[in-house]
Amino acid sequence: MTQTTNLPTKLDWDSEFFGFPIGRLPSVNLNSASVNAADEWASTHQIRCMYCLVDSTANTAIKILERNNYNFADMRLTFSTPVMTPPAITQRNKYATAAVKPHREADIARLEEIAEHTFDNTRFFFDTNFPIQKARDLYRLWVKKGCLASNTEVLVYYDENKPLGFITCTANTNRIGSIGLIGVAAEAQRKGVGKALTYSALQWFHHQELEKVEVVTQGSNIGAQRLYQLFGFKTQSLQLWYHKWY
Ligand SMILES: CC(C)(COP(=O)(O)OP(=O)(O)OC[C@H]1O[C@@H](n2cnc3c(N)ncnc32)[C@H](O)[C@@H]1OP(=O)(O)O)[C@@H](O)C(=O)NCCC(=O)NCCS
């Protein structure tokens, strides 16, 4: 009987951004044959880094990846919550939401600066094969793209006119919203900025008439997890990122 092998795909955006060829191996039906086939494919396409995202319960796949020099890079934790109902929204005076407003174009450079120094707990930093400045630039670009996207609102916490933090809120066509990034400048953390941003984001999602909101964070990011849990987010899935370098 022939075994199913799912070949990787080349990730054009990632390859272009990091400046070397990057591929992604699907974890569905992953077996020894598909991992060997992926190595051959990587050689043909001169791939330098292969990503694989696998469910944390897929014991056999995880063992195969580890036997084949895929290295652990991150725990990808997805939380979700139904969009807040109006009674919960009436608790707004608990949070400093008056300081939160849609971003102004003139502040994009400051938001990029906050992003550059805020996300150093992600897989692109944990895996030290990625150049640090490129990893930082990735988050600069992410927030900038959010500010320019038509289905995304970037809400900013302002102290007077100075941005202290931001949250990117996207309304997807399937009525599911997503928080892409939330970042608070280091000197402003643990003062309620994250709570005001998250609450304001949930209000924004409510006004968009979405059913559910998802947010992804790292398994190691206890601060972010506690923040989302405060607002009723529950764990939806736990996946593991693996990287193999050639
Ligand atoms: C996570 C983050 C957005 C929280 O923002 P913040 O302004 O510091 O958070 P707040 O002061 O509003 O605190 C909200 C709650 O989050 C939790 N929390 C935040 N930081 C925490 C930390 N370092 N350790 C434990 N709990 C933490 C707490 O439950 C806190 O409530 P409490 O102070 O009443 O106990 C901020 O720390 C940050 O920007 N981190 C780096 C970027 C990041 O990890 N983003 C999330 C992934 S995209």
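This is a predicted model: local features need pLDDT of at least 70, side-chain atom pairs count only at pLDDT 80 or more; totals for chains, interfaces and linings use all residues.
## Domain arrangement

The domain assignment divides the protein into domain 1, covering 9–69, and domain 2, covering 78–238. Between the C-alpha centres of domain 1 and domain 2 the separation is 29 Å. Contact between them involves 4 residues from domain 1 and 5 residues from domain 2. On the side of domain 1 that touches domain 2, the residues comprise 3 nonpolar and 1 polar, with no charged residue.

## Helix H7

Helix H7 spans residues 132–148 and has 17 residues. From its first C-alpha to its last, H7 reaches 25 Å, which is close to the 24 Å expected at 1.5 Å a residue.

The buried residues of H7 are Ala-135, Tyr-139, Val-143, Gly-146 and Cys-147. These residues lie on the same side of H7 because they cover an arc of only 135 degrees around the axis. The face turned away from this buried side carries the exposed residues Gln-133, Lys-134 and Leu-148.

Both helices and strands pack against the buried residues of H7. The helices are H5 (108–116) and H6 (123–126), and the strands are S6 (152–159), S7 (162–171) and S8 (176–184).

## Ligand surroundings

Around the ligand there are 22 residues, of which Gln-189, Gly-194, Gly-223, Arg-226 and Leu-227 come nearest. By residue class, the shell divides into 9 nonpolar, 9 polar and 4 charged.

Strand S8, helix H8 (193–207) and helix H9 (222–230) each supply at least two residues of this shell. The largest share comes from H9, with 6 residues.

## Trp-245 in strand S10

Trp-245 is found in strand S10, which comprises residues 234–245. Is Trp-245 buried or exposed? Trp-245 is exposed, because 12 other C-beta atoms lie within 10 Å, and a residue counts as exposed if that number is 12 or fewer.

Leaving aside neighbours within four places in sequence, Trp-245 is in contact with Arg-48, Cys-49 and Asn-129. A separation of 11 Å is found between the C-alpha atoms of Trp-245 and Thr-128, although these two residues are 117 residues apart along the chain.

How values were computed
Residues are numbered from 1 along each chain as its sequence is written. Domain bounds come from an automatic or database domain assignment. Two residues are in contact if their C-beta atoms, placed from the backbone, lie within 7 Å. Ala, Val, Leu, Ile, Met, Phe, Trp, Tyr, Cys and Pro count as nonpolar, Asp, Glu, Lys and Arg as charged, and the others, Gly among them, as polar. Helices (H or I, at least four residues) and strands (E, at least two) are DSSP runs, numbered from the N terminus. The expected span of a helix is 1.5 Å times one less than its number of residues. A residue is buried if 20 or more other C-beta atoms lie within 10 Å of its own, exposed if 12 or fewer, and partly exposed in between; C-beta atoms are placed from the backbone. The arc is that of the directions from the helix axis to the C-beta atoms. A residue is near a molecule or strand if its C-beta atom, placed from the backbone, lies within 6 Å of it.
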